[in-house]
Amino acid sequence: LPASTDTALEALLRDRVTCRNFDPAGSVTLPQLAAVLWRTVAQRGTLDHPSGAGFAKKAVPSAGGLHPTEVYLLIRGVPGLDDGAYHYQPAGHRLLPRALSGDASVQARALRWLAGQYWFADAPVLLVMASRQARLQWKYREHGKAWRAAVLDVGHISQALYMASTELGLGAFVTAAINEVDVMQDLGLAAFTDEPLAIAGFGPRAAQRVIAELD
């Protein structure tokens, strides 16, 4: 097959990598955080259906246009924001503070939520991607397609996050190896209401690569 031409997209794909060495002293600016969220999970428009239902337009595809994934953030070291948890509101492109149970530090929670994967825990921004199953079940009722659609949704968001972070010169990761029970307890989530499927994150890469990365 013919070789692909060297475009801006090709350069971005070439630079995309899973970061396992985040700068523990690094930070993400508020404009950077806003840009990544806008390009991954923000609601950019709405299609009103004659039935009265509204369908959100986002930068990522979603089965049935349902966008069942809720995003909760655990933030540390973003100037202009208090360290802690937030619930992202895609319609207004805004963050709402979210109370956390217990008195553990943000860093300790990150390590626990990530099941001890310390190479990811230093990322200053973590996104918990939780599936709101009821948003899928009304259409894919009693069918395995609902679960399949939820998993695909998280995958679409993750890839968009990688690309948006890479464009800003930041490292990114996604992992399904999480302690979802701890996440749900800390955030006060109920089973089948918001079910964490994966955690993604981004931030400045460390100058020294201690853990292997595949650049």
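**Strands, burial and a pocket**

Guide: Strands S3 and S4 run antiparallel and are joined by 4 bridges. This is a predicted model.

Visitor: What makes S3 and S4 a pair?

Guide: A pair needs at least two bridges. S3 and S4 have 4. They therefore count as paired.

Visitor: Which strand does S4 join over 5 bridges?

Guide: That strand is S5, again antiparallel. Ala85 stands opposite Arg98 in S5. S4 and S5 form a hairpin, with 4 residues between them. His93, in the turn, has a positive phi of about 50°.

Visitor: Why is S4 called largely enclosed?

Guide: 6 of the 6 residues of S4 are buried, so the rest of the structure largely encloses the strand.

Visitor: How do you know whether His87 is buried or exposed?

Guide: Buried means under 20% relative accessible area. His87 has 12%. His87 is therefore buried. Its place is in strand S4.

Visitor: What is His87 in contact with, leaving aside its neighbours within four places in sequence?

Guide: Contact means heavy atoms within 4.5 Å. With those neighbours left aside, His87 touches Glu70, Val71, Tyr72, Arg94, Leu95, Leu96 and Arg98. His87 and Pro97 are 10 residues apart along the chain, and their C-alpha atoms are separated by 6.4 Å.

Visitor: Why is S6 described as largely enclosed by the rest of the structure?

Guide: Here 7 of the 7 residues, 125-131, are buried, so S6 is largely enclosed. Both faces are covered. Val125, Leu127, Met129 and Ser131 are buried on one side, and Leu126, Val128 and Ala130 on the other.

Visitor: Which strand pairs with S6 and covers residues 69-75?

Guide: That is S3, antiparallel to S6 over 7 bridges. Thr69 stands opposite Ser131 in S6. S6 also pairs with S8, residues 195-203, in the antiparallel sense over 7 bridges. There Met129 stands opposite Ala198.

Visitor: Which residues touch the most other members of the largest nonpolar core?

Guide: They are Leu33, Leu73, Phe173, Ile199 and Phe202, out of 56 residues in the core. Helix H6, residues 145-167, gives the most to this core, with 9 residues. In soluble globular proteins, nonpolar side chains tend to be buried together.

Visitor: What does Leu73 contact, leaving aside its neighbours within four places in sequence?

Guide: Its partners include Leu33, Leu37, Tyr86, Leu95 and Leu127. Leu33 and Leu37 are among the buried residues of helix H2, residues 30-40. The buried residues of H2 pack against S3, S4, S5, S6, H6 and S8.

Visitor: What is the volume of the largest pocket?

Guide: The volume is about 180 Å³. Among its 13 lining residues, those closest to the centre are Gln43, Ala56, Leu66, His67 and Arg135. S2, residues 54-57, and S3 are the elements that give two or more residues to the lining. S2 gives the most, with 3.

Visitor: How do the residues of the pocket lining divide into nonpolar, polar and charged?

Guide: The lining of the largest pocket has 5 nonpolar, 5 polar and 3 charged residues. Arg counts as charged. Arg135, one of the lining residues closest to the centre, is therefore on the charged side of that count.

Definitions and conventions
Residues numbered from 1 in each chain as written. Predicted model: local features only at pLDDT ≥ 70, side-chain atom pairs only at ≥ 80, totals over all residues. Heavy atoms only, no water. Buried < 20%, exposed > 50% of the residue type's maximum accessible area, 1.4 Å probe, protein only. 1 Å grid on protein atoms, 1.4 Å probe; cavity = no way out; pocket = protein on both sides within 12 Å on 5 of 7 lines; lining within 4 Å. Points joined across faces, edges and corners; volume = space filled by probe spheres on them. Core = buried A, V, L, I, M, F, W, Y, C linked by side-chain atoms within 4.5 Å.
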